Amino acid sequence: MNDAIVIRYANVTKAFGRHVVLDDVSCAIRRNKITVIVGPSGVGKSVFIKHVVGLLKPDEGSVTVDGVEVTTLDGRGLYSLRKRFGMMFQDGALFDSMSVGENVAFPLVQHTRKPRAEIDRIVAEKLAAVGLPGIEYLFPSELSGGMRKRVGFARAIVLEPEIVLFDEPNSGLDPVMADAIDSLILRMQRELGITFLVISHDIASTRRIADDVGMLYNGRLVAFGPREKVMESGDPILRQFFSRTAEGPIRLV
Ligand SMILES: Nc1ncnc2c1ncn2[C@@H]1O[C@H](COP(=O)(O)OP(=O)(O)O)[C@@H](O)[C@H]1O
Ligand SMILES: [Mg+2]
């Protein structure tokens, strides 16, 4: 087992009916690094990331975390695997019947025996870290989309997990707030050594935070590697995507 690699995709193929979304995808996610997966809308980025924690299973190939194949895990195994992760999926909603404070506290209540006062202190600290101090008492219905996203972010990091999966953490945020979230990701990686696997369609953000970049296109991982190498590549698909132009081989459907 390679200690520098935490998650490994080996020849992963995934189809829904006849629609092949991932076609023979292989890559290695480095520990304590920030890996950003980019690609046009509907290309399979969310499908890709959900395989890591067994929310989807590959038709062929394997996904391993620290050498353990995720599909071999039973309910209990999946539970302990997921405990190591902080997750925010695109459709990952907050619990509407719970206040913001209860939402963010939820993983702490579920997975730790910390006393209430400490839980409250950690929740306050994480809400402040995402730029939303003192909103514990509000309910999700009282928040804007961007605020809900940031509360979801606070909930995902509240356990200071080993690995964080983020599906488009910046979407729907204004540039200032998106930049603040990027700073938080960088700080958590540097100070806590957290591994991040992030889906993004924000090129400026990718340029700022990524150690490694992967690009999904037409079911294939057409590029994967160190940020400069992928983002400065002369490949026409990559060049078109990163320069955000409609001219080029990527067809807009
Ligand atoms: N559970 C599912 N059942 C059927 N089709 C799905 C399912 N999840 C995703 N898809 C399809 O897979 C494709 C990729 O979706 P997705 O990963 O959400 O794209 P994106 O890159 O925008 O995140 C889409 O065509 C979507 O409709
Ligand atoms: Mg998606």
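## Terms and numbering

Two strands are said to pair if DSSP finds at least two bridges between them, and both strands (E, at least two residues) and helices (H or I, at least four) are DSSP runs, numbered from the N terminus. Residues are numbered from 1 along each chain as its sequence is written, while chains are lettered from A and ligands numbered from 1 in the order in which they are written. Please keep in mind that this is a predicted model, in which local features need pLDDT of at least 70 and side-chain atom pairs count only at pLDDT 80 or more, whereas totals for chains, interfaces and linings use all residues.

## The four-stranded sheet

Let us start with an open sheet of four strands, paired antiparallel in the order S2-S1-S4-S5. Strand S2 (19-30) and strand S5 (68-69) form its edges, each pairing on one side only.

Strand S1 (residues 5-16) runs antiparallel to S2, and eight bridges join them. Within this sheet, Ile 7 faces Ile 29 in S2.

## The six-stranded sheet

Another open sheet has six strands in the order S6-S7-S8-S3-S9-S10, and its pairing is mixed. Its edge strands are S6 (85-88) and S10 (220-226), each with pairing on one side only. From one strand to the next, the twist averages 10 degrees; angles run from 0 to 180 degrees between N-to-C directions, and axes are lines fitted to C-alpha atoms, for helices over the stretch in contact.

Strand S3 (residues 34-38) pairs with strand S8 (residues 195-199) in the parallel sense, over four bridges. Here Thr 35 stands opposite Leu 197 in S8. Helix H5 (residues 145-157) lies across S6 and strand S7 (163-167), at about 165 degrees to S6.

## Around ligand 1

Now for the ligand. The residues surrounding ligand 1 include Phe 16, Val 21 and Gly 39, as well as Ser 41, Gly 42, Val 43, Gly 44, Lys 45, Ser 46 and Val 47; a residue is near a molecule if its C-beta atom, placed from the backbone, lies within 6 Å of it. Helix H1 (residues 45-50) gives the most to this shell, with three residues.

By class, the shell has four nonpolar, five polar and one charged residues. Ala, Val, Leu, Ile, Met, Phe, Trp, Tyr, Cys and Pro count as nonpolar, Asp, Glu, Lys and Arg as charged, and the others, Gly among them, as polar.

## Two domains

The protein chain is divided into domain 1 (1-84 + 162-253) and domain 2 (93-160), with bounds from an automatic or database domain assignment. Their C-alpha centres lie 25 Å apart.

The contact takes twelve residues from domain 1 and eleven residues from domain 2, where contact means C-beta atoms, placed from the backbone, within 7 Å. On the side of domain 1 that touches domain 2, helix H6 (residues 175-192) provides the largest share, six residues. That side divides into nine nonpolar, one polar and two charged residues.

## The whole chain

In total, the secondary structure of the protein chain comes to nine helices and ten strands. The radius of gyration, taken over C-alpha atoms, is 18 Å, close to the 18 Å that the globule rule gives for 253 residues, so the protein chain is as compact as a globular protein of that length. That rule is 2.2 Å times the number of residues to the power 0.38. Along its principal axes, the C-alpha trace spans about 55 × 40 × 35 Å.

Definitions and conventions
Two residues are in contact if their C-beta atoms, placed from the backbone, lie within 7 Å.
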